[in-house]
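Work through these exercises with the model open. Try each task before you read its solution.

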Amino acid sequence: MTRPKADDRDDSDKWRAALRQMEDSAVFRAEPIDGEERLPSLWGRLRDFGHAASSTEETELAILLSQVASFSARPDDWVAPYEPMLNMVEGRTAAPDDLSQRQLDILMAVADDLRDPLLRARVCDVLAIRGTGSQRFRWYEAEVNAVLQATLSGERWLRDRDAWDRALLIGRRLGPALQTQLQALATALTQYALSAESSDFPGSVADLLAKHSMARDHASPIAARMRAIAQADSSEAARGYLVRAATWHRIAGKLDAAFADRLSLVRHLMSEAARLDGEADSNARHRSAHLYERALKELREIPRRRREELGVGELTAELASLIRAAGAATLGTMGVFESDAVDLSDSRKQSVEAVSGREPIEALMAFVALMPTASYANERSQAEKMISEHPLQSLFSNVHYSRDGRVIHRSAGRGGPPIYGEDPAIWRQMIQSYEFRIALMAQGALAPAWVALSNEHRLTMANFMEITRGSSIVPSDRERLLAQALYYGYDGDFITAAQLLAPQIEHIVRLHLRNAGQQTSTLENGVEQEVGLSALMSRDAVTEIFGEDIAFEIRALFCGPIGPNLRNEIAHGLVSDESVGSVQALYCWWFVLHLVFLPFWNRLHDAETADSHEPAEREQHSTEPGMSSGDRQPERGTPTRS
């Protein structure tokens, strides 16, 4: 039964009156205190106000608005742009779908009267998500207008980047209907990127404009501004602005300028690396290797023919030589993290404790370092010991079957043709031990630690983009692919992660073999074809480049019919529903995360880099949601940032 309209008006007036009482207090203060974040801090103040309010209306409204302020934003997800702030075993905080019709009616009554433009934008977005038909457009339009008001009034946009990100996405999705507002918002942000001082983070604004394909007609001046900031600085921040300058010059169609920016970045990195080479510090060579790797990664962004024209055609080989001289080819630079041996009965508890109660990035590092990667020497030694104790099993050949009963491999007994340089009986035993090891690791340590980690910290796609962009082993044109794969794994979709990661591991192997001067393709009858991963991994150069432990791990996990053979299983569509929760898929995700994350971690903990790292860069890269105490959204498991 529909209530009379007079009653609707009375209810609306009641809630607006309650809002006015709240706004007379300090709960909606405009200026931050001690670097607090806008909506998360507002959530706490509204909650406290609600508990102490003098009327039931003020209490109900304050608690409702605190719930809306608490939602964790996912600006890239059009369908579900918010999720609960806290998600724990005992329960979770509110999400938009939890709001009742009565609560939605209250929000509709007060939405237009909220003075805080970004809270008003959040409320309008929630109403649009839960609305239908023309009602949705009305609230989306109000949201974009609220964000535009905040922009034009000089709001501190960086701390509330998700609101701008979401508004730009809505404006682009709804097209001509919001063209005027979208253009006004883009104009305001463009002006900020062109005029703000470097201490006010104009690079992050430029990144957002590039992400949404905005300000294309201002690409040249934005590129010039990014280059000017880079030239005025000599720190790590300058390198970030050189990357932005190259990006915007490419958008402007000025490829020569873009290549010049890339080359400046390469020389900047090489100069710093050369300085470190001359230092006596025991860590200097490791740090210089990282810079050489980054330089090589950036240099490959310039086409080969253009490198020749710029007179740096031989620089790729020179950098590869410098990397090897520093003792750090891309994957071989990573150290091994070992933990004390524990009984399996205790490993689950210890793995959970290892990742719990830490800052997000430290928790992720603890997860990556839960176990060392496989040791080739240990696996071989154990295999030889097993064969010496049980020699009979090594004398005969073996037939290997697939899950559906097909014979997929016949391995010789001892003394047969070697596999990756090993006696086939020893290799077979090494792989059997390896499979047992990863099963124990996955079930006894990785799985429980992943559950604890993902429940406590909400990492987003943006966080994994930050990691891949900051990891020297990740090719520049594969940063998003690898980030997406790592994000899928973190979200629990390990088989999809493995399906994306297996071919990317092959590409990384191929790339580093090329950098070492190895031919990775064959030419027959005028047709050039790439050599497959298993064949590439059979080369002696692989061990020299990647180290014997990483080389063994790639061979055991991805190559050959003995073992998980993930590359072949995935490439030929042999993965079934049974593989969705497999320990191999979980371990594959963890192994690649281990490879990618350690160079990123080492970069963050380079003391000199950290000291010179501009706040704008930390905002963009090191403080994405869930990554540190300065991020924008609360972690799971913590009501406020600590």
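Predicted model: local features only at pLDDT ≥ 70, side-chain atom pairs only at ≥ 80, totals over all residues.

**Exercise 1.** Which residues of α11 meet α12?

*Solution.* Step 1: list the α11 side. A238, R239, L242, V243, A245, A246, T247, H249 and R250 take part.
Step 1: list partners in α12. Among them are L255, A258, F259, R262, L265 and L269.
Step 2: recall the helix repeat. An α-helix has 3.6 residues a turn, so residues three or four places apart point the same way.

**Exercise 2.** Compare the span of α11 with the expected value, then describe how covered the helix is.

*Solution.* Step 1: take the span. The 16 residues of α11 reach 23 Å from first C-alpha to last.
Step 1: compare. The expected value is 22 Å, and the span is close to it.
Step 2: check burial. Twelve of the 16 residues in α11 are buried, so the helix is mostly covered, with buried meaning under 20% relative accessible area. The buried residues include Y241, L242 and W248.
Step 3: look just past the end. There G253 takes a positive phi of about 85°.

**Exercise 3.** Are E506 and L598 buried or exposed?

Step 1: apply the cut-off. E506 has a relative accessible area of 10%, so E506 is buried.
Step 2: find its contacts. Leaving out residues up to four places away in sequence, E506 touches V531, G532, L533 and R567.
Step 3: turn to L598. L598 lies in helix α27, residues 583–604. Its relative accessible area is 1%, so L598 is buried too.
Step 4: M365 is 233 residues from L598 in sequence, yet their C-alpha atoms are 7.9 Å apart.

**Exercise 4.** Where does pLDDT stay under 50?

*Solution.* Step 1: start with the average. The protein chain averages a pLDDT of 79, and 78% of the residues score at least 70.
Step 1: pLDDT stays under 50 over residues 328–337 and over residues 607–642.

How values were computed: Residues numbered from 1 in each chain as written. Heavy atoms only, no water. Buried < 20%, exposed > 50% of the residue type's maximum accessible area, 1.4 Å probe, protein only. Contact = heavy atoms within 4.5 Å. Helix = DSSP H or I, 4+ residues; strand = E, 2+ residues; numbered from the N terminus. Expected span 1.5 Å × (residues − 1). pLDDT = per-residue confidence, 0-100.
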